[in-house]
Amino acid sequence: MDTAAVEVVDLVKRYGTTTAVSGLTFSARRGAVTALLGPNGAGKTSTIEICEGFRRADGGRVRVLGLDPVADAGALKPRVGVMPQSGGVPTGARAGEWLRLMASFHARPVDPGLLLERLGLTSAARTPFRRLSGGQQQRLSLACAVVGRPELVFLDEPTAGLDPQARMATWDLVSALRAAGVAVILTTHHMEEAERLSDHVVIIDRGAVVAEGTPAELTGSRREVCFSTAAPVDADALLSTLPPGSRVGSARAAGDRHEYVIGTEDPEQLGPEFLATVTAWCASTGVLAEDLRVRRRTLEDVFLELTGRELRES
Ligand SMILES: Nc1ncnc2c1ncn2[C@@H]1O[C@H](COP(=O)(O)OP(=O)(O)OP(=O)(O)O)[C@@H](O)[C@H]1O
């Protein structure tokens, strides 16, 4: 079948006078990871909860596996896994027992013991949900979402608050789901998570899509030269020694340092010679460029350029 896993067209969601989602359109392919990336309050959870059938839209059209998430909820339930941002498990339920119960509702579940092991939860199998750490609760919730071998899973902020090891385990599981042909839709405000995991990134701000594409399409596979100095430098003078199309991406004071980002319009231009020209100019003007490096443009940079604001929480 060729239909998208999820199709959202002109979605609108209001809470009283707040418009949380205002005309949002995107689609997510089967067998691919789609990330909804945006800052807090961008409308990601509202969107995903409408797709899950938990909330009703005030406008627009949503199809999940070709069906209506509210009218066809019964048909979708066994085919779709949901990991909410929090909750979903009774506080007194023991982790292992709850997961086995969830598995029993499905015709061909994953072995709950293996899933617990994979997510580092084996030693917590007999612990009631309320006694699990926040990270363990999240991983149990993820296990519940995938135990029934769904065709599509929604993961709302799956790694928020996880330690690096648990985050890796979650990322590995998402990659394995994708390899098994599952469509994964996740929300995140971590650009690294979106970049590392996703085939398709939908950048959302104030309830609407501001850009979308593969991580490489969005960042343009661009590189930039960054460095910092103790005193301000004449960036225009530096630019005059660089090839046409070079530009100062940013020049700003950060504490008692001055930080510079130099880029090019044509990604091919930023090679070894470009870097040598920067360092030669620094040498000729007596500037010590500290923390000098060539880095790839990130989704964070893209978001900043598009909205003038930072993606990360302050
Ligand atoms: N139940 C609700 N009642 C009133 N306002 C709400 C409700 N849920 C969300 N909002 C508001 O709608 C906007 C979008 O919220 P939403 O949770 O969808 O964004 P988000 O991108 O998922 O943010 P976060 O990363 O913080 O979860 C915010 O301004 C939020 O305060």
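The following legends describe several views of a predicted model of a single chain.

**Figure 1. Overview of the chain.** The predicted chain holds 11 helices and 13 strands. Its C-alpha trace extends over about 70 × 45 × 40 Å along the principal axes. Of its 314 residues, 37% count as buried.

Figure 2. An unreviewed UniProt entry assigns the feature "domain: ABC transporter" to residues 6-231. In the model, this span is 31% helix and 29% strand.

**Figure 3. The shell around the ligand.** The ligand is surrounded by Tyr 15, Thr 18, Ala 20, Gly 38, Asn 40, Gly 41, Ala 42, Gly 43, Lys 44, Thr 45, Ser 46 and His 189. By residue class, the shell divides into 8 polar, 3 nonpolar and 1 charged. Strand 2 (18-28) and helix 1 (44-51) each contribute at least two residues to the shell. Helix 1 gives the most, with 3 residues.

Figure 4. Four strands form an open sheet in the order 11-12-10-13, and their pairing is antiparallel. Strand 11 (246-254) and strand 13 (290-296) stand at the edges of the sheet; each has a single partner strand, so one side of each is left without a neighbour in the sheet. Neighbouring strands of the sheet are turned against each other by 15° on average, direction ignored. In general, strands of a sheet pair through backbone hydrogen bonds, and the pairing is either parallel or antiparallel.

**Figure 5. The pairing of strand 10 with strand 13.** Strand 10 (residues 223-229) and strand 13 run antiparallel and are joined by 5 bridges. Within this pairing, Ser 228 stands opposite Glu 290 of strand 13.

**Figure 6. Helix 10 and the residue that follows.** Helix 10 comprises 14 residues (residues 272-285). Helix 10 is hardly covered, as the count of buried residues among its 14 residues is 1. Just after helix 10, Gly 286 takes a positive phi of about 70°.

Technical notes. Residues numbered from 1 in each chain as written. Predicted model: local features only at pLDDT ≥ 70, side-chain atom pairs only at ≥ 80, totals over all residues. Expected span 1.5 Å × (residues − 1). Buried ≥ 20, exposed ≤ 12 C-beta atoms within 10 Å, placed from the backbone. Near = placed C-beta within 6 Å. Nonpolar A, V, L, I, M, F, W, Y, C, P; charged D, E, K, R; others polar. UniProt positions renumbered as here; feature names shortened; annotations may be inferred. Pairing = 2+ DSSP bridges. Axes fitted to C-alpha atoms, helices over the stretch in contact; angles between N-to-C directions.
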